[in-house]
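The sequence and the structure are shown first.

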Amino acid sequence: MSILKKLALPLLRLWHSMKEENLNWRLDHHGQQIRLRHAHQLAEQALAAELAKKTTQLEHELALMKAQQDTELNLLKTRCQQDIKDYQQYLKALEQLKASIQNSYRQLPEAVAFTIHHHAKQLLNQMWECGDYQQKMLYEMQLLNFMTTLHEEAQLAQREGGVLPEKTLGLLQRQ
Amino acid sequence: MPKIGYNSHFIVDSPPFVLIRICLLLISCAFAAFIASDVLLRLGLPWLPETITQLGLFILLLAFGALIVSGLALIGRQVAQAVKDYFSGPQTRLRKLLFAQNRQLELARRFQAKKWQLGFVYENRRRRLLAADNQKSFDALAKAVRKDLRLLKKRSPKDIHQQWRRELSHCQRRQDSGALLNLQQKIAAWNSR
């Protein structure tokens, strides 16, 4: 028992001295610890505030972006619907042009009327499906030129009579 | 007693680290007990070596127990700290910011996808209109060719007439308007001779 006491007492004294030294150190550096804790809390608050500000800014940008995108999509939808209507009008116009050729040139073989109509539709589809803007404009000019020539010749044939729409056939061969 | 510095006080003086120091002390006591029992055994003493060996083993067991407890305490503290940090102000705000950034990327991707979808839908509609118009033109052309063939039935040689009829049904099966147009031009050319 006394041996155990002899072993335990120095150990206990060692333990108490360590604890006392720790307490003294803490008392000496109490102010610094408080300042450090305070600075840490301030830094955390500043970071939280900065992040909150960025989040608010980003959410505002998101709302603007969404509104802009919705507008753009609506415009695109309207443009696509208008394009479809325009395409339908073009097809109807080509049909009417074919009927006008057949009415104006009674002697004209049906094969020629169909060929002219077929060629006009090819020009229309070339223009519609072209990706390059400048090329698209070129095709559009070709189509308008073709339809204008045909229309003028049909009007002339109705007034003065005619056998063949020669200028139109010339354009057809060239194109 | 030597002065212990700032770092060891601030970090090393917490309960888990104190426990680690205690368990290292216990391990050294246990080794001291084993060495003492070995010396006493060589000296030939009767029951002391065995008792001291048992004591050493007990102290070693205590040391390992303390090590395990300090390990668990350290892990527990880390987990608690991690949970506290997760729910702290800056981390919560950071998660909100990252979530908003993610939404921004998703919005941009969705916009591109919707644009592509609109273009695809309307292009499909245009192609359906074109297909319907092509079918109408083809039917009108086929009707015209059939009418021409009917009119030329008596005037044209039988074999040529049959050849034309075969070509007409071939074009109708393949829906080839170009070939049908050529056939009509051939018939018109023969008719105008």
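The model is predicted; local features require pLDDT of at least 70 and side-chain atom pairs count only at pLDDT 80 or more, whereas totals for chains, interfaces and linings use all residues. Residues are numbered from 1 along each chain as written, chains are lettered from A in the order in which they are written, and side-chain values use heavy atoms, without hydrogens and water.

**Interface**

Contact (heavy atoms within 4.5 Å) links 46 residues of chain A with 45 residues of chain B. The two chains bury about 4,400 Å² between them, 71% of it on carbon and sulfur atoms; buried area is the accessible area (1.4 Å probe) lost by two parts on being put together, summed over both. The rule finds 2 salt bridges across the interface, a salt bridge being a side-chain nitrogen of Lys or Arg within 4 Å of a carboxyl oxygen of Asp or Glu. A:Lys121 forms a salt bridge with B:Asp133, with the closest N and O atoms 2.5 Å apart.

On the side of chain A that touches chain B, helix 1 (2-28), helix 2 (30-104) and helix 3 (110-129) of chain A each supply at least two residues. Helix 2 of chain A gives the most, with 27 residues. Helices here are DSSP runs (H or I, at least four residues), numbered from the N terminus. By class, this side of chain A comprises 22 nonpolar, 11 polar and 13 charged residues. Nonpolar denotes Ala, Val, Leu, Ile, Met, Phe, Trp, Tyr, Cys and Pro, charged denotes Asp, Glu, Lys and Arg, and the others, Gly among them, are polar.

**Pockets**

A pocket is an open set of points on a 1 Å grid over the protein atoms alone, where a 1.4 Å probe fits, with protein on both sides within 12 Å along at least five of seven lines; lining residues have an atom within 4 Å of a point. Volume is the space filled by probe spheres set on the points, which are joined across faces, edges and corners.

| Pocket | Volume | Lining by class |
|---|---|---|
| Largest | about 970 Å³ | 25 nonpolar, 1 polar, 1 charged residues |

Of the 27 residues lining the largest pocket, A:Leu4, A:Leu7, A:Leu11, B:Cys29 and B:Ile59 are the closest to its centre. Of the 16 residues lining the second largest pocket, those closest to its centre are A:Cys80, A:Asp83, B:Gly119, B:Tyr122 and B:Glu123.
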